[in-house]
Each structure stands twice: as C-alpha cells, then as structure tokens.
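Okay, everyone, thanks for coming.

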Amino acid sequence: MNDTTTLDKSPFLRLAFQGLDDDELQEIAGLTEFNTYPPDHILCYEGAIEDVFYILAEGNVIISKKVGEDKTERVLRVGEKGDIIGEMSMIQNLPRSATVRTTTECTVLEMERQDFEAILSRNPRMAIDIIRITLDRMRSNDKTMIEDLQKSNKILRQLDRNKLEFIQVAAHELRTPLTVLKGYVNVLRSFAGSDTNASLGDVIQGIFKGTERITEVVNLMLDVTRIDSDTLKAASVPVSLKHVIEDLVKKDLGKAIAERKIKIVLEHPEEAPYFKGDPGLIQKALYQLIVNAVKYTPNTGTVTVSTHITTMDNDIPCVEIAVKDQGIGLDTEHHELIFEKFYQVGGVELHSSGKTTFKGGGPGLGLAIVRGVARAHGGKVWVESAGHDEEKFHGSTFYLQLPLQETKSLEQKA
Amino acid sequence: MTLSTIERVFLLQGSELFQQIPAQEMVSVAQLCQEVTFKKGERFIEAGDEGDCLYILASGEVSIEVKGHGQVDNGKAGDVIGEMSIISSKPRAASCVALTDITALRITRTDFRSLMEENSAVTLSILEVIVNRHDDTLQKLRS
C-alpha cells in the first residue's frame, strides 16, 4: 500500500469495529492517521509504556510474549487485516504486555492515547466491540492452553508407562540372581563352621539380611507395577481388619518396632470391622502405612492404629482405618504428592538404611501402593498433618477408607 | 430468599465483573436483575445453547462442566456466570449444574446490552475487568 493519502479508512475500521455505524466509524477515522512500516519492524515492545493504538489495514504481524521461568518468547497469535493492537495496555494504563512485530510490509491506522481514551469514554459501543474482540481472543487462548495441556498429559502418561515398564523389567532381572543368592546363603548357613565361627556367622548373617532387604525392595517394585496398572482386580472375601493389623504389628513388624521402642496402640470398636476385600492387598497397604508411621516417629514415640465404621463423601458406608504417628509431620504442599510413585519429601536418601530406621530412606513406592489398593476397592486414602516440625513433632494421620459390603462382626458371623 | 435493592447492590459490588462500576450506576444495574432459583441437580446452562442471560450467584454452589473434560470449575455466591456468551454473542462454552439449591440474580442479554450501550461508565468498567482477565490468562501461559 504505497499511497495512503487518499485512501478511505472506513473499510478497515468496519473490519475492526463490526458493531459501529458509519457515523461512529467516521468519527474514529478522523482521529487516525495511516502509516506504513517495513517487515521486521517492532510496533509494540513488551514492557514499554507506549501511547499508540493501531488498527491493522494491510499486512501481517506476530504478537509474542516472554513466558515461563526462562522467559522464552512465545507467539500468541498472528495479527492480520482488521486486527486492533495495543488497546490492552492503554485500557489498563500499564506497559505493553506483548511484543508486536511486522512480518510483511504493514499499513496501519494509528491513534494517539488521548484520542483513544476520549472516544472510548463517549462511545460505549466501541468499548463493547473491544470487549467482544478480547473475549474471542480469550476463547482462542483457552483452546490453545487446553491443547497444550492435552499434549503434555499424553507425554506424561507415556513417561509414566515407561517408568512402570522399567521397574517391572528391573525387578524381574533382579529377582533371578537374588533367588540364587538366597539359596547360597542358606547353604552357607547350614555349613557346620558357621555355627562355631562367630565372625563367619556374622558375615553370613549380614549377607542374609542384605539379601532380605533387596528382596523386599524388589517385591515392592513388583507390587507397584501390579497395583498401578488398570488391570488390578481386588478379590472380595471376608477380611478381619483387626486380625490383619494385629498380625502386622506383632509378627511382621514386631522386632523392628521393639528395636525402635515404639509404642503401638490399637483401637478397635467392640464390633470389630469385618468386611469383604482382598486380604493380600489390604495387608500390603496397612503394612506400608504402619511402616511409614514407625519410620518417621522418633524412638519411644507412639503410633495409634484405629478402625471405625463411618460413611464416605457419597454416603457409602465404609470402614476407616487411621494410622496416627507422633512423627516429624508433613507440610501441606506434599499431602497430595506423597502418594505418587518415587515422590520423596526432602532430599533423596541414596542408601537404604532399613525400612524402619528413623527417617530412613526408601524407594518412595509404599504410599503409591496404598493408594492403588484403596482405588482397587473403591476407597480412598489421604493424610492430615499440621506440618513438618522436627522439634514439636506434630505427627501425621493417614486415613484409609474402604467401602463396606457387609458390616457383621466376626463374633456375629461365628 | 428475596433480595432487596441494596442487597443486590452489595452482591453486584462483590462480583469481579461489576466491581469497578461506579456506585451511582450500580442501582440501575441492580434494578435490571430478576431473582431466580434452581434446585439441586438442575442444569440451568447447557453448552452449545445461545447465551440469553447471565447470572450472579447469591447463594449455593454450582458446577461448571465442559464436554469431554467434566467439571472444570466451581461457582459460589458472588460469582458471575454466563457473561461471556452474552457479550460475545457466541454459544455457551460450558454447562452449569446446581450442586445445591441456588438463588441467583439474572440479567437478560437484551437488558445487559442496552445497559452497556447507554452507559459508558458501566461499559468501560466491564471492559477493564475483561482486559485484566485476558492479561491474567496470558501471564499463565507456559513456554
């Protein structure tokens, strides 16, 4: 567009302001001047305070903005004939929120700030048109953001699947040599000399304990791949929660709890909750919750495990198991994330110091297993804690709710 | 629940869309409103329909749902719902379901457009809110 002196402004203004009549467009035309810019010219600088409003008559521009922590330049949209540019910063009385650069030779209609503000204040229909244009842009941005999120979600889901597959392969690869190792350790233990030679006995015992610990971690890895998959089906057989918990505390974890001098308090109603579920999965979930409670409670502290009947949010009757510790507590920002695989609060411990050592490290899979078991039963798990404090030891309480299918107690059934 | 004019003014002043409107104009906005109620579970806005009114929630809670995505937001007392499609003349982008019994103030599209066309102060203040909202969404963009 070389000669703009005699050009009619109305067609371009009509494109921009579709709700205005001819008289209104003429008034705006009187306040604007044509100007032509070469390609790669910057009309608006992000962050600058500028006093010009543009209506694009010919050519194309790119509107871009620095986004994210690393301030990457991101293209928001392409401007074309009939687009308005620069109105946002003048309405907000703020610096430009984006950079506008010409990609071709551009002819624009320019209006100074004071004229823009004046006409806007006496012409509400122009303001309505700008609102309409802004809302259209917001819808378009929302659509772009949703598409971006969907792409990111797809990638994250694939990465999650890759992670699970890796864990599965690694666990199976480790299991075979572990089986061989355990076999040889048992053979060593049966040698006559291992009883009488204290040093040899200690070495064999050390290898045995190490092997047991690796086996536990490998089993945990296999559990999480099974529990995390959508194909997990929970059995539905009668389960006595009271017995499951007592067995865990007295048999499976008894020695570790005694070593740490942790007091375990069990609180069950007289009619002990007795419901239908998968005993293997529930035992795994409760094991993880109690181990966690013991791990993060200092020596001589108390862990309370209680059960009672209540209802879930959707009024479905359920049994609620609460595991309350007197431990280091958990800040709110971690309350949801701790149920994700591998999520660790604080620094990752790069050595395994034992499953119940105070603040000992681990693979970060236990609570993911608890959540998987809860979901497989149609239940839920969550944590409540006043926050992390290694002086006051606020502690945490983990709640596991499992829907009830029958509420008869063991005694009644007997 | 029947809201007096002054209660309507307070409700409108508490909402983001109307909060910049000068006090002297607010009474005329309040007088345009009709009080309506919806029962729990009632779907009072359907995605794809023509937007013929906006609502300002006076009490209760609603779920805002987008097809294919489920619930995307909640609305509660003081929130304005449905204004985008009556200003832009586009179909409703989302559906709205009452999560509890709700009371709301309703402004029809015709009344709202007339108000905006006749009253620059109202229009400019709404324009400022919409532009700020757009700027906020741009700030949330990621690389």
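So, how many residues does the contact take from chain B and from chain A? Counting heavy atoms within 4.5 Å as contact, chain B gives 30 residues and chain A gives 32.

Quick housekeeping. This is a predicted model, where local features need pLDDT of at least 70 and side-chain atom pairs count only at pLDDT 80 or more, while totals for chains, interfaces and linings use all residues. Residues are numbered from 1 along each chain as its sequence is written, chains are lettered from A and ligands numbered from 1 in the order in which they are written, and side-chain values use heavy atoms, with hydrogens and water left out.

Back to the interface. The two chains bury about 3100 Å² between them, 71% of it on carbon and sulfur atoms; that's accessible area, 1.4 Å probe, lost on being put together and summed over both. There's one salt bridge between chain B and chain A, meaning a Lys or Arg side-chain nitrogen within 4 Å of an Asp or Glu carboxyl oxygen. Lys90(B) and Asp136(A) make it, at 2.7 Å, N to O.

Now the sheet in chain A: open, five strands, mixed pairing, ordered β10-β12-β13-β15-β14. Strands here are DSSP E runs of at least two residues, helices H or I runs of at least four, numbered from the N terminus, and pairing takes at least two DSSP bridges. β10 (263–267) and β14 (380–385) of chain A are at the edges with a single partner strand each, so one side of each has no neighbour in the sheet.

β10(A) runs parallel to β12 (302–311) of chain A, joined by five bridges. In one of these strands, β12(A), Val305(A) is the bridge partner of Leu266(A).
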